[in-house]
Amino acid sequence: MPRKLILAFLVLVPFSLQAEEPVDLSVMTRIRDEGLHHSQVMATLHQLTDVLGPRLTGSPQLKEANEWTRRQLESWGLANAHLEGYPFGRGWSFSACAVRMVSPRQFPLLALPKAWSPATSGPVRGEVLKAEIKSEKDLEPLKGKIAGKILFVDGPVEFKDPEHPDFQRYSREQLGELGDYKVPREESDWRKGAIERWRLRAKVNEFMEKEKPLAVVEASSRPNGVVRVTGGGSWVPGESVGVPTLVMAAEHYNQILRLLGDRDGDGDGKPVELEIDLAARFHDDDLKAYNTVAEIPGTDRKDELVMAGAHLDSWHAGTGATDNAAGSAVVMEAARILKALGVKPRRTLRFALWTGEEEGYLGSVAYIKQHFATRPENKDPEQQDLPERYRTDTWPLTLKPEHAKVAAYFNLDNGTGKVRGIYTEENAAVRPIFEAWLAPFADLGADTVTLRTTSGTDHVPFDQVGLPGFQFIQDEMDYEPRTHHTNLDTYDHLSREDMMQASVILAAFLYDAAMRPEPLPRKPLPQEPPKKTSRDEQRKETAP
């Protein structure tokens, strides 16, 4: 072939074919065999959910889970298994919650307390008062009128036909669409709304503590007896925790409103009296939370790191199965698989089970500050009252020596669904690499690599400081309609086959990343955004 034609051919051939990523298929076969025929992932999930139960950050149950996971990883032969603490605040747990209507008839009601809610002083009875609170201005008319009442603070829940099936797996067409890049939306609107909700909750807690209603009841945002519950009080010492606050199943909540005659004039306007008995307590003996960390030491490049993580903490209504015992068990199973095979990774494999994720990535952020990168304290007086997760980034970003040693971080936190691929977080250079790594698992349904970003998991803090952090694409299953932060988030909603498949793929990615000649390519470091200026200032800057 003439030289000019050779050069033209090389230009036209995709780069991925010119420098194909090598994959050790013999090791991939061994990983599949161990993970699919000798799996322990469901035994780990049973321990985390049925035995240890819900794992709210700061609670005794989570600290017990920290210790169990540390011991388990150590028993499998991992090195340096330890707990790393960070400042958190007050722990909380509840041991009983009984709610019933006592008038105009007696009937048990399904309701659960919000986290960090104070207890009742034994069984308490009070008349229900409808008092929708959508903004701070709704509090003023309630002054002096709510002492001894039980406040229903939401409107009626509207029931609609479901927008999608309760159980969802990606179709081939949907995966193809996911592979098409979409420019991300700005997060400013989301942040603004989150701050408004946080400030309103703080104001409501302070108001209720002064006005002394017996309890506050909210409606669950899920139908069909599903009770979705998160936090209500505060884990910060010294901040108001309000009054006992519960979330009630939507059907029962609407029933009370109809009895009160407060839905389009329906009902006969009967007074309703409830009895509430909530046993809950705060735990102030240890104001730290802890991450569980363990390693498989590397060989010739042992000072470099390949990390895998998932969050161990959960909310308290269920047992935190799909959110996120699933991810934690997969991370642990990937560690067990690789240790059982006796692999000798070039880079050190570090496994982390984060806590405080549900409160704003607190565990992973604290770990990154300690090991990889820091930012100056935000001294904006308008943001001093905000939790750190809602404050704007400050500059400069200061990198620690370990920052340069992180070859990759992989995260799993989207429920029980099988892995279908991976998000590259707009890192185009890793796309052909991940495609090669997924090729041996196409028969298991994992073959999609997208340049899109995704949020809501602990890979985000890594990405925000310029580290190559990634979250896998997973089938949704019944995560959003049923299990996410609800009383149905239990072992029964876990898929054995999906958990085994995810464990195998994570183990393979960790091995591939630990063995390749170079660390994964990185995106450019985050840069301070330009300061926004008014139109008048822009005219002055551009004037001759």
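The buried residues of α3 pack against α9 (321-341) and α14; here, buried means under 20% relative accessible area, exposed over 50% and partly exposed in between (1.4 Å probe, protein chains only). Helices (H or I, at least four residues) and strands (E, at least two) are DSSP runs, numbered from the N terminus. This is a predicted model, where local features need pLDDT of at least 70, side-chain atom pairs count only at pLDDT 80 or more, and totals for chains, interfaces and linings use all residues. Residues are numbered from 1 along each chain as its sequence is written, and side-chain values use heavy atoms, with hydrogens and water left out.

**Helix α3**
- Helix α3 covers residues 25-37, and its 13 residues reach 18 Å from first C-alpha to last.
- That is close to the expected 18 Å, taken as 1.5 Å times one less than the number of residues.
- Its buried residues are Val-27, Met-28, Ile-31, Arg-32, Glu-34 and Gly-35.
- Ile-31 touches Ile-337, Leu-338, Leu-341, Val-504, Ala-507, Ala-508 and Tyr-511, leaving out residues up to four places away in sequence; contact means heavy atoms within 4.5 Å.

**Nonpolar cores**
- A nonpolar core is a set of buried Ala, Val, Leu, Ile, Met, Phe, Trp, Tyr and Cys residues joined through side-chain atoms within 4.5 Å.
- The largest one has 69 residues, and Ile-31, Phe-410, Phe-434 and Leu-510 have the most contacts inside it.
- Helix α14 (residues 496-515) gives the most to this core, with 13 residues.
- There's also a second, separate core of 23 residues, with Ile-150, Leu-257, Leu-259 and Leu-260 among them.

**Ser-234**
- You'll find Ser-234 in the loop between β7 (215-219) and β8 (245-248).
- Ser-234 counts as buried because its relative accessibility is 7%.
- Its side chain makes a polar contact with the side chain of Glu-239 at 2.6 Å. Such a contact is a pair of N or O atoms within 3.5 Å; within protein, one must be able to donate a hydrogen and the other to accept it, and residues adjacent in sequence count only if both atoms are side-chain atoms.
- The side chain of Ser-234 also reaches the backbone nitrogen of Val-236 at 3.1 Å.

**Whole chain and confidence**
- The protein chain has 15 helices and 18 strands.
- Of its 544 residues, 52% count as buried.
- The mean pLDDT (the predictor's confidence in each residue, from 0 to 100) is 92.
- Watch out for residues 1-18, where pLDDT stays under 50. Where pLDDT is low, the predicted coordinates should not be read in detail.
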